[in-house]
Amino acid sequence: MAESRIAVYAQLPGDFHKTLAGQLVWNPDTAVGAFSYDEDWRSRKNSYFLDPTVLIARPRKETRNEGVYGVIRDAGPDAWGRDQLIRQHGALDEIGILQHAPEDGAGNLSFHAEHRLRAYTLQEIDAVSAGFPLADTALAQAIQPGTSMGGAKPKLLAYDAGAFWIAKFPEKGDPECKGAANEHAMLQLAARCGIRACESRLHRLPDGRLVILVKRFDLSGTPERHTRLGFASAHTVLGMGDPRRDGQLKSYPLLRFEARRWTRAEIGPELWQRLAFNALVSNMDDHARNHALIHEAGWALSPAFDIVAAPATGPVRLCLQIHTGSVIATPASLITSASEMGVERDLAIATLREMSSLILEQWRTHIGEEMSGAAIDQLVPAFRLAEEVRAFDFAGLPPPVKARRYRNQG
Ligand SMILES: Nc1ncnc2c1ncn2[C@@H]1O[C@H](COP(=O)(O)OP(=O)(O)OP(=O)(O)O)[C@@H](O)[C@H]1O
Ligand SMILES: [Mg+2]
């Protein structure tokens with residue numbers, strides 16, 4: 001089969017217009033991608049390597065993620081958005097997905113020369129939400145063109161009160177819409193704990209259900225005139241996308257290490273606080289697309305997003321290793337994690353204690369009136385580790401062992 005090509009445009013920091021960054025050539029038989037920068041790209045003010053590890057002066061070929069470079073794939077849709085596109089257009093290959101995808105994906109990359117951003121007012125969202133989730137096909141038909149935002153949950157780009165928001169709709173299995181109130185409460189609690197978390201609001205649909213609106217950190221201005229920041233998911237930063245290697249790459253200490261090649265700065269302590277918060281509220285869906293870097297003057301850790309307390313029996317098991325070899329969070333393993341993430345032990349203990357007390361004292365208040373008493377009670381087990389940390393005798397822990405060092409680590 002013939003190779004496919006797609007032009008990749010970027011909005012550089014502060015620009016309202018797009019600049020041609022280069023071209024992706026993709027071979028459907030081998031699923032290998034090759035990117036080349038446009039001749040003029042390097043001479044543009046503020047231009048940068050879209051991925052400083054592979055999209056460098058002479059870009060490497062890409063075999064991971066079906067041959068689509070991570071930063072380019074991050075701009076396109078994921079599970080739900082892909083489903084919508086396939087329902088509308090039939091089978092699409094990787095390039096077809098990018099070509100047909102709406103332009104509301106994370107970051108500053110897009111695949112058409114002209115702007116095609118479509119944001120919905122809250123009134124429009126109210127209108128298309130009718131009947132959802134009884135038949136989510138109804139949403140698919142009512143909404144053209146869907147979304148390029150990642151993630152598994154139904155969502156749309158909203159514009160309200162002078163800002164862009166991700167409107168996350170209730171899932172089918174969530175009739176009480178616990179997800180929206182839960183996520184809103186956890187983002188607020190995280191902020192109270194000192195984490196740079198996304199701002200969010202709740203919006204009530206005409207039928208009484210709740211939608212969470214999460215403010216976009218990469219998009220500002222108006223639908224007609226906006227600026228965008230670059231975006232790279234932790235999935236991309238970790239170099240994931242090859243199923244044979246992905247298992248061993250899912251790790252916070254590795255993310256800390258790999259991120260240095262992008263940020264040239266230390267993100268370990270900030271990332272550790274986020275992983276500790278995830279553990280304390282049992283947010284066990286902290287996978288590698290739920291962390292990201294953004295690019296403005298340079299690359300930096302993005303605000304925290306997609307945090308949901310999940311009541312479960314058994315240990316708190318995160319998606320990424322919190323220290324080498326373990327995904328299970330306990331008071332002791334969080335301290336081992338701190339030492340691998342560059343956080344001094346006394347500070348780690350104080351932070352864990354403070355965050356646990358704050359979470360235990362405030363989570364019910366932040367959930368507020370939105371959930372029934374029974375639904376709130378069901379959430380109690382999500383905070384078991386916070387209870388354990390609050391009562392834990394950290395002085396009884398053995399002295400720290402030398403932290404693992406990654407290759408080339410200074
Ligand atoms: N505030 C934000 N600003 C910009 N991009 C965001 C923001 N929040 C999330 N994203 C991007 O949108 C994607 C989907 O958002 P989110 O993770 O909240 O959805 P989800 O459907 O709950 O995901 P999951 O599949 O993890 O359950 C994220 O993976 C990230 O790429
Ligand atoms: Mg997510």
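Which residue lies over the face of F16, and at what distance from the ring centre? The answer is given in point 6, after some notes on conventions and on other parts of the chain.

1. Conventions. This is a predicted model, in which local features need pLDDT of at least 70, side-chain atom pairs count only at pLDDT 80 or more, and totals for chains, interfaces and linings use all residues. Residues are numbered from 1 along each chain as its sequence is written, chains are lettered from A and ligands numbered from 1 in the order in which they are written, and side-chain values use heavy atoms, with hydrogens and water left out.

2. Residue F49. F49 is found in the loop between β3 (32–37) and α1 (70–75); helices (H or I, at least four residues) and strands (E, at least two) are DSSP runs, numbered from the N terminus. With a relative accessible area of 28%, F49 is partly exposed, where buried means under 20% relative accessible area, exposed over 50%, and partly exposed in between (1.4 Å probe, protein chains only). Leaving aside residues up to four places away in sequence, F49 touches Y37, R42, L55, I56, A57 and W299, a contact being heavy atoms within 4.5 Å. F49 and A21 are 28 residues apart in sequence, and their C-alpha atoms are 9.6 Å apart in space.

3. Backbone at N65 and E66. Most residues other than glycine have a negative phi. N65, which is not a glycine, has a positive phi of about 45°, and E66, also not a glycine, has a positive phi of about 55°. N65 lies in the loop between β3 and α1, and E66 lies in that loop as well. N65 is buried, with a relative accessible area of 12%, whereas E66 is partly exposed at 48%.

4. Helix α11. Why is helix α11 described as largely enclosed by the rest of the structure? Helix α11 (residues 331–340) is so described because seven of its 10 residues are buried. These are P331, S333, L334, I335, S337, A338 and E340. The elements covering them include α9 (252–263), α10 (268–280), β15 (328–329), α12 (345–367) and α14 (384–391). Just after α11, G342 takes a positive phi of about 85°.

5. Aromatic residues. A search of the whole structure finds 12 aromatic pairs; rings of Phe, Tyr and Trp (its six-membered ring) pair if their centres lie within 6.5 Å, with planes under 30 degrees apart counted as stacked, over 60 as edge-to-face and the rest as tilted. One of them is the tilted pair of W41 and Y48, 6.4 Å centre to centre with 55° between the planes. W41 is buried at 0% relative accessibility, and Y48 is buried at 11%. W262 and W299 form an edge-to-face pair, 5.1 Å centre to centre with 85° between the planes. W262 lies in helix α9 and W299 in strand β13 (residues 299–301), so this pair ties together parts that are 37 residues apart in sequence. Both W262 and W299 are buried. One aromatic cluster is formed by F35, Y37, W41, Y48, F49, Y69, W262 and W299.

6. Charges over rings. The residue over the face of F16 is R225, at 3.8 Å from the ring centre. A charge sits over a ring if NZ of Lys or CZ of Arg is within 6 Å of the ring centre and within 35 degrees of the ring normal. The charged end of R201 likewise sits over the ring of W165, 4.7 Å from its centre.
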